[in-house]
Amino acid sequence: MRQKNKNEMERMMFDVVITGGRIFDGTGGPPFRADIAIRDGRIVEIGTATGPARDTIDAAGAIVTPGFIDIHTHYDGQFLWDQELEPSFSNGVTTAIAGNCGVGFAPVRAGNRKDLIDIMEGVEDIPGIVLDEGLDWSWESFPDYLDKLAARQFTMDVATHVTHAPLRVYVMGDRAMRHEAATDADLAEMQRLVREGMAAGAVGFSAARIIEHRSATGAHVPGTFAEDRELAALAGAMGESGHGVFQLVPLGAAGDTGGAPNTIDERLDEHERFVRIARAAGRPVTYILHAMQHAPDEWRQMLAATAAANADGLDIRAQVASRGLGWIFSLDGYHLFAARPSYLAIAGLPRRERAVAMRDPARRAAILAEEDTPEAVADPRVVRMIGLLRRILPGCYAIGHRLDYEPDASRRVDAIAAETGRTMAEVVYDVLAEGDGGGILIDFAMNYVDGGLDAAHALLADPNTVSGLSDGGAHLPLVCDGASPTFHLTFWARDRARGPVFPIEKMVNKLTGEPAALYDLDDRGTIAVGKRADINVIDFDRLASALPEMVFDLPSGGPRLLQFSQGYRATLVNGVVTRRDDAATGAKPGRLLRAGRAAETIRDGKRLQPA
């Protein structure tokens, strides 16, 4: 009897109890104080915990939120060599969705593997050598790729869209690379494969029409010029599944960053394409939208068109970023002096020692006076990035070691040069050489209209937008927005000094309940009895992000910018603590998230027959 009672007590014991926190439940409603009791990966009680627990997390003085859902990452390759998935892991993300922008790695034939690597390298700045060494290509179909992910374990749940470029190449071969129109037979086969992918658990379909996206060879990405009938056919095939979101990077999304921008009439014509896709799919459509300096009111007109479409019964969302987007230049990344002889002489030194050497007056004078050496600029990417930096240098912001995502005009390189009597090259040099060499410059090419983030505030506030575009896993040596989930809270709910902010509950909803509802992730996104215990316990007063920092930990030793954050007292995935006091616990409870009917018919990575 005693053993029976002991077993019963064990069975009734909670796995985890989170006590005394202020709960922001993800719905956008006001916070409340309560304990949260967790058993078998689910929230079983909210209120006052009624029993003992194997683990108790003290949330006194902290806020408690659902785990963050990041709908726009590019971990398609990283899923296969990395279990932690930084920078998302240290920034409260518990569900990461990849397969965005129409690029991915399935389906694939052996003869086209290099083509898909070139596309991903060109579009998302993931070095080809990293992908070549990191992928084992032990799949062909999209369901095969999902099965490969299902056999792995992660710090968070992962999911993906079916992507247009590999689908088109798989069906059409070289004709896809030449951008030929799809035949009826091509469309029928692509539709079949989309249905197959959705049935296997894809969360949607993604495509891109952005002209600026090119492969590493300079070629436009397959699908860029696809006819409307192709997009409608694929949207319809996705919609037949009864689930899924159609994600699109539209024509004109890059504004004037790649040269000549599209006119507002062309942009509104593109919005009509979203409407046609949404009608064909019968499912939500999300498109990328930035505020651009060259057309500061364009985003308002696009959102007005979206509101009108939604009033007519559709579900179209502009996917927006929470901060200014652009290139980051650093001593360990691309910079003006990377090809100058006197810099190359010290380039192999650790960054701190390099910075000390650069502060030597004689070396400083030499590097500033020198021209680039032809041998050092044999890499076309280095040539392109140095040329880009020279062109955009006046408008770059000298962030240095003081992280600020809304700097005023006095911190622009041209303004500092004028104020101090230095050349702009000297200003950049001194920023990079200061301290330990970790200072950065940022070019806010998008979302920084009139030198501030008022437009970004309005975009986040609009009911027809969804927050995304962290681009985790992409643009590795140049961009680092994987910490944007943390930024929603630190900047928009606490620290902003140059304009209005949001209540914490609004930002939590943008990170949790709203994306969960968009993707029909009914088991997560809010804190409620019966939901998955994907939870963040956050010391809100301590919450902060460090400067982006280059690390060299990719396959082949490739570089990537990471931005770590502090203030996460605990992160739980499916009731398991994955981080405690800003340190990984080593637990890997995350699994492949299969959407739709596949979520019910597939368990533990094994394909089952529906009942």
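Residues are numbered from 1 along each chain as its sequence is written, and side-chain values use heavy atoms, with hydrogens and water left out. Because the model is predicted, local features need pLDDT of at least 70 and side-chain atom pairs count only at pLDDT 80 or more, whereas totals for chains, interfaces and linings use all residues.

User: How many residues does the largest nonpolar core have?
Analyst: A nonpolar core is a set of buried Ala, Val, Leu, Ile, Met, Phe, Trp, Tyr and Cys residues joined through side-chain atoms within 4.5 Å, where buried means under 20% relative accessible area, exposed over 50% and partly exposed in between, with a 1.4 Å probe and protein chains only. Among the residues with the most contacts inside the largest core are Phe79, Trp139 and Trp492. Apart from that core lies another, of 33 residues, which includes Phe337 and Tyr429. The largest core itself has 125 residues.

User: Is His290 buried or exposed?
Analyst: His290 is placed in the loop between β12 (285-288) and α10 (298-311), helices (H or I, at least four residues) and strands (E, at least two) being DSSP runs numbered from the N terminus. With contact meaning heavy atoms within 4.5 Å, and leaving aside residues up to four places away in sequence, His290 touches Ala253, Trp299, Leu325, Met446, Asn447 and Leu469. Its relative accessibility is 8%, so His290 counts as buried.

User: At what angle do the ring planes of Phe205 and Phe246 stand?
Analyst: Rings of Phe, Tyr and Trp (its six-membered ring) pair if their centres lie within 6.5 Å, and planes under 30 degrees apart count as stacked, over 60 as edge-to-face and the rest as tilted. Phe205 lies in strand β10 (residues 204-208) and Phe246 in strand β11 (residues 245-249), so this pair ties together parts that are 41 residues apart in sequence. Both Phe205 and Phe246 are buried. Their ring centres are 5.3 Å apart and the pair is tilted, because the planes stand at 45 degrees.

User: Which residue in the turn between β2 and β3 has a positive phi?
Analyst: Two strands pair if DSSP finds at least two bridges between them, and here β2 (residues 32-39) and β3 (residues 42-47) pair in the antiparallel sense over five bridges. Within this pairing, Ala37 stands opposite Glu45 in β3. The two strands form a hairpin with two residues between them, and the turn residue with a positive phi, of about 55 degrees, is Asp40.
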